[in-house]
Amino acid sequence: MFLHIHDNTVLPEGMGNLTSLEDLSSIYINISPNFAKELRNLTKLRELVLWWIEMNESLEDALIESLCNLHEIQNLHISDYSNYSLDFMGER
């Protein structure tokens, strides 16, 4: 149910199969680029902490699509160390 990892841990493919996770923290999405897509399967997540240093349009699209699928989320902490802002309100 809970997975707290070190900031620089590379997540293996298949993280989307951990569908019972409720709390996931310290995800650095730049070193685990498939995670942004797999995140959409973690529909029981209540708490999520993630961050990035670099963002591009395809990563942004995958991340926003996945975040929109997390209907149980109660606490979402996103840290951006690149001065890039996500467009949550843009037309998709």
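How many bridges join E2 to strand E3 (residues 47-52)? Four bridges join them, and the two strands run parallel. This is a predicted model: local features need pLDDT of at least 70, side-chain atom pairs count only at pLDDT 80 or more, and totals for chains, interfaces and linings use all residues. Residues are numbered from 1 along each chain as its sequence is written, and side-chain values use heavy atoms, with hydrogens and water left out.

**Strands**

- Helices (H or I, at least four residues) and strands (E, at least two) are DSSP runs, numbered from the N terminus.
- Two strands pair if DSSP finds at least two bridges between them.
- Strand E1 (residues 2-4) is joined to E2 by three bridges, and these strands run parallel.
- Leucine 24 in E2 stands opposite leucine 3.
- Tyrosine 28 has tryptophan 51 in E3 as its bridge partner.
- Strand E2 (residues 23-28) is largely enclosed by the rest of the structure, because six of its six residues are buried.
- Buried means under 20% relative accessible area, exposed means over 50%, and partly exposed lies in between (1.4 Å probe, protein chains only).

**Salt bridges**

- A salt bridge is a side-chain nitrogen of Lys or Arg within 4 Å of a carboxyl oxygen of Asp or Glu.
- The count by this rule is two.
- Arginine 46 counts as partly exposed, at 27% relative accessibility.
- Arginine 40 forms a salt bridge with glutamate 65, with the closest N and O atoms 2.9 Å apart.
- Arginine 40 lies in the loop between H1 and E3 and glutamate 65 in helix H2 (residues 57-67), so the pair ties together parts 25 residues apart in sequence.
- Arginine 40 is partly exposed at 25%, and glutamate 65 is partly exposed at 47%.

- Buried residues in H2 include Leu59, Leu63 and Leu67.
- The buried residues of H2 pack against H1, E3 and strand E4 (75-80).
- Contact means heavy atoms within 4.5 Å.
- A nonpolar core is a set of buried Ala, Val, Leu, Ile, Met, Phe, Trp, Tyr and Cys residues joined through side-chain atoms within 4.5 Å.
- The largest nonpolar core has 21 residues, and Ile29, Phe35, Leu39 and Leu63 have the most contacts inside it.
- H2 gives the most to this core, with four residues.
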